[in-house]
Amino acid sequence: MKTDIEIANSIALKKIEEVAKSIDLGRDELNHFGKYIAKVSCHLIDEKKVAKNNLILVTAITPTKAGIGKTTVSIGLSLGLQKLGKRAIVALREPSLGPCFGMKGGAAGGGYAQVLPMENINLHFTGDFHAITSSHNMITALLDNYLYQNRSKPETQLKEILWKRVLDVNDRSLRKIVSGLGGNANGITSETGFDITPASEIMAILCLSKDLEDLRRRIGEILLGYKFDGSIFTVKDLGVEGAITVLLKDAINPNLVQTTEHGAAFIHGGPFANIAHGCNSVIATKMALTYGEYVVTEAGFGADLGAEKFFNIKCRKSGLQPKLTVLVVTAQALKMHGGVGVEDIKKPNLEGFKMGFKNLDKHLKNLRGFGQNVVVAFNKYANDAEDEIQLLKAHCENQSVGFAVNNAFAQGGSGAIELAKVVVDAVENKPSKNLVFTYQDKEDTKTKIEKVASNIYGAQSIVFGDVAQKKLKLIEQMNLSHFPICIAKTQYSFSADAKAYGTTEGFEFRINDIVINRGAEFIVAIAGEIMRMPGLPKEPQAKLIDIVEGRVTGLS
């Protein structure tokens with residue numbers, strides 16, 4: 001079979017005006033980025049249509065390094081729904097350059113279920129990530145300049161600076177740095193560091209804002225540090241929230257592209273679910289619901305991370321109500337969670353496969369706890385055994401859960417018709433009930449963290465380190481306890497231990513630090529050794545990426 005980029009290059013793209021016309025979006029509403037990409041103004045969102053049309057969330061069991069293929073399933077499902085005559089649109093996050101040149105090599109789907117032009121989407125796209133990076137670092141520069149210019153005025157100085165820098169590159173050397181070396185002319189010497197751009201609070205703000213005015217308000221509320229008298233210092237105190245909004249005036253509008261079968265796709269925003277809330281923008285989702293009868297969206301990593309944050313943060317704040325959740329599984333992931341070594345997960349192993357059902361069942365229980373009707377999508381690989389598929393199908397029937405095999409990777413929309421039919425039947429005859437949140441707004445932050453850790457992850461005890469305990473007190477003092485919480489932890493386990501595959505129960509869950517995202521309006525609780533700036537693997541994907549005879553190669 002051809003590589004992803006060979007398949008992408010073999011497809012003759014339609015001009016973006018034709019794609020827009022297919023969903024009744026006028027060409028005058030498009031801000032073109034070449035022939036095949038356009039931005040669409042967020043003022044076109046129609047809340048009545050948003051409430052009327054069908055939102056489907058795609059999530060997954062706990063991922064492994066073998067991959068799950070959630071984006072491929074999301075795109076494939078939209079293709080399958082279109083084969084059934086439904087107006088279906090997929091709404092996804094933008095890929096980050098860090099993972100593209102690190103481990104993943106691309107994040108625009110795979111095989112015959114991709115969003116196109118994939119090389120543009122995987123690289124600089126419309127510049128949204130660069131705008132977020134520039135905005136974040138502009139705040140840093142303006143803050144540093146404010147402190148430098150007022151260094152002789154003790155009352156203007158900060159006792160603690162919280163705001164760092166960001167870069168959309170995996171670079172472990174930048175996690176902790178010292179800036180301002182070389183004398184007074186180079187600024188104030190200070191210890192700082194970098195996060196990756198998807199972890200920026202600006203990214204979260206962009207993805208949760210309603211419109212440009214809401215974006216500006218949230219930027220002004222960003223907490224930059226504390227003064228010596230204990231009071232807070234924000235972007236509004238710097239007086240630059242307007243300037244930062246200007247840098248994001250185009251980035252706030254979602255991007256329209258097409259699938260491998262020329263269906264409409266909105267790609268916008270890109271926070272990671274292990275260190276942020278892991279969902280594409282509210283604006284893109286609502287734009288898709290304005291123009292699509294069925295909208296397929298995804299949340300990052302496993303359901304314990306992405307789906308939990310999709311419900312407890314994104315839906316809570318936006319009013320979105322999914323009609324159905326699709327839970328993606330693969331044979332390889334089930335075997336790995338069933339105790340099979342990574343070197344053997346491609347081999348038949350019914351016992352190991354069956355043992356992996358414990359991980360699946362934990363996610364099913366969690367999703368049902370949110371009031372969701374669930375369909376299990378088996379993402380098929382070429383070497384999957386039929387007896388294993390039938391065993392999983394029987395297990396899902398025993399759990400009263402819909403089941404379908406997805407083969408969109410190899411067959412495009414035709415390979416997702418079975419899944420699309422099961423999804424349509426579920427949406428039309430047994431849609432999800434009203435969302436049930438894990439915690440209530442009025443509960444304190446500590447209780448919210450404990451409820452997620454115990455009810456969603458299965459932790460027996462939740463321990464807060466000294467730094468985290470101090471932050472809990474600050475949250476109370478700042479009257480921010482009503483904010484939802486976003487736990488940053490490893491994606492490879494229910495616990496904070498990346499090597500604890502399967503279903504982990506009765507473990508200790510430790511919160512080491514807490515970050516107050518006052519502009520994004522949620523609290524980030526950092527568990528275990530999670531890094532907000534990833535490193536590169538021993539053999540980064542960058543070694544395979546090249547341009548040959550004018551075409552990009554190595555993206556997958």
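Modeller: Two strands pair if DSSP finds at least two bridges between them. Strands (E, at least two residues) and helices (H or I, at least four) are DSSP runs, numbered from the N terminus. This is a predicted model, where local features need pLDDT of at least 70, side-chain atom pairs count only at pLDDT 80 or more, and totals for chains, interfaces and linings use all residues. Residues are numbered from 1 along each chain as its sequence is written, and side-chain values use heavy atoms, with hydrogens and water left out.

Biologist: What makes E17 and E18 a pair?

Modeller: Five bridges join strand E17 (residues 324-329) to E18, and the two run parallel. At least two are needed, so they pair.

Biologist: How many bridges join E18 to E19?

Modeller: Five, again in parallel, with E19 covering residues 402-406. Phe 378 has Val 405 in E19 as its bridge partner.

Biologist: Why is E18 called largely enclosed?

Modeller: Buried means under 20% relative accessible area (exposed is over 50%, partly exposed in between; 1.4 Å probe, protein chains only). Six of the six residues of E18 (374-379) are buried, so the rest of the structure largely encloses the strand. Val 374, Val 376 and Phe 378 point one way; Val 375, Ala 377 and Asn 379 point the other.
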